[in-house]
Amino acid sequence: REPFSLNSFWNSFKNDVLFISRQIYIAAKQLKAFGPHIQKEYGVPFYVQFYRLLYLTLVVKSNAEQFRKRLLFKNSSWYYVKQYDYGQTHTQIQLARKSFPDEIAIIEDKFRFYKHCKNNEIKTPEVLAVFSNGKQIYPENRPFVLPSEDLFIKERMGGKGNHAKKFSYSQPFYGSANQEKYTKQELLKFVIDESQRYDLIVQRSLVNHDQQKSFTNGALSTCRIVTVKKPDQSDIFPLFTVLRMPCGSKDVDNYAQGGLLSTINIETGMLGRAVTYLPYKGRFEFDKHPDTHQKISGFRLPLWREMLEFAIESHKQFRSLAVGWDVCYSEKGIYLIEGNLRWGSSLYECPEQKPFRETCYPAVYDALISKYSNDE
């Protein structure tokens, strides 16, 4: 046993006090920003919210943001506070590294993903150009000229809708969601300048089909369909599916950016109640879209079986074992937008408001990780 050290004890004590003080500060900030919305909509007193925030951060050791993401202010969700899977994305990348690590870059690099889809005849939005460090790297043999049409610009590497922007064309300008207008020269300069911070790709913008436009404010609404290969590689099955819907002036439908999330029943294509973790118009849950007033809960998605089969067929062109596919029903048909290895259990737990561990996946994951660990 190491001899007692007053200096070590004091340093440890200081660190504990600093950690607890920081968590109290974060909880207080959360309470100030979102507490009134929660109290008004759910009748949860401030002291109950504060207690739960501290318990979540100090006892469960999770991020205070999860208080809203898992709707832990609701008694039915709070019941599972210790059972929710707050760090599941780590296990997904671990599985990818154990099984087919060479495919990680193909899926996470959106330009390489586009080329892979194109080579395998999977319908995906066309990439018009790629910029890196202030220079055009694709197309390689000719200067890029912005086409006179709606465009979507996003990070080549990255996720959660960060730095993604839609630009709607109305001659002679490209307009952004925050009402800024750019000429062709100005927009090209914007892309070049931004690419000095992170690589950017320029795509043709897709628009949802008329049968699904009522779930969107103008930005693209997509289905996240998570499919998994069985340990013996004999079959691919859907694990869970959700509809992501943009709201307000947002250019993306990502839950991380405040989009709406609704569970899709795999068998019927029927939607459940939608949720968001950034209160919109003072609310966290919606039976109707808050902008378009389209009914969400109980609505059956058009072409649902076709979208599901499209995701499964797309997965056959990849070796990775568990992938979250972003699929959209557009004016031009069904398209694959992206693949995600870090698809996150939160997309299941937040709208379902029950633990991911209750699905079949933990057993499937154990079998997969065991198989590929033994193969090394």
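Across the whole structure, a search finds 24 salt bridges. The structure is a predicted model.

**Salt bridges**
- Arg342 pairs with Glu108 in a salt bridge, with 2.8 Å between the closest N and O atoms. Arg342 sits in the loop between strand S14 and H10, while Glu108 belongs to helix H6, so this pair ties together parts 234 residues apart in sequence.
- Arg342 is partly exposed, at 43% relative accessible area.
- Asp253 and Arg244 form a salt bridge at 3.4 Å, N to O. Asp253 counts as buried because its relative accessibility is 4%, under the 20% limit. Arg244 is buried too, with a relative accessible area of 5%.
- Lys213 and Asp210 meet at 3.2 Å, N to O. Lys213 is partly exposed at 33%, and Asp210 is exposed at 58%.
- A network of salt bridges links Lys74, Arg273, Glu285 and Asp287.

**Nonpolar cores**
- The largest nonpolar core holds 45 residues, and Leu239, Phe240 and Trp343 are among those with the most contacts inside it. Elements giving two or more residues to this core include helix H1, strand S8, S9 and helix H11. H11 supplies the largest share, six residues.
- Another core lies apart from this one and has 35 residues, including Ile104 and Tyr280.
- Beyond its sequence neighbours within four places, Leu239 contacts several residues, among them Val228, Trp343 and Tyr361.

**Thr241**
- The side chain of Thr241 reaches the backbone oxygen of Ile264 at 2.8 Å.
- Residues that Thr241 touches include Arg224, Ser262 and Trp304.

Terms used. Residues numbered from 1 in each chain as written. Predicted model: local features only at pLDDT ≥ 70, side-chain atom pairs only at ≥ 80, totals over all residues. Heavy atoms only, no water. Polar contact = N/O pair within 3.5 Å; in protein donor to acceptor, adjacent residues only side chain to side chain. Contact = heavy atoms within 4.5 Å. Core = buried A, V, L, I, M, F, W, Y, C linked by side-chain atoms within 4.5 Å. Buried < 20%, exposed > 50% of the residue type's maximum accessible area, 1.4 Å probe, protein only. Helix = DSSP H or I, 4+ residues; strand = E, 2+ residues; numbered from the N terminus. Salt bridge = Lys/Arg side-chain N within 4 Å of Asp/Glu carboxyl O.
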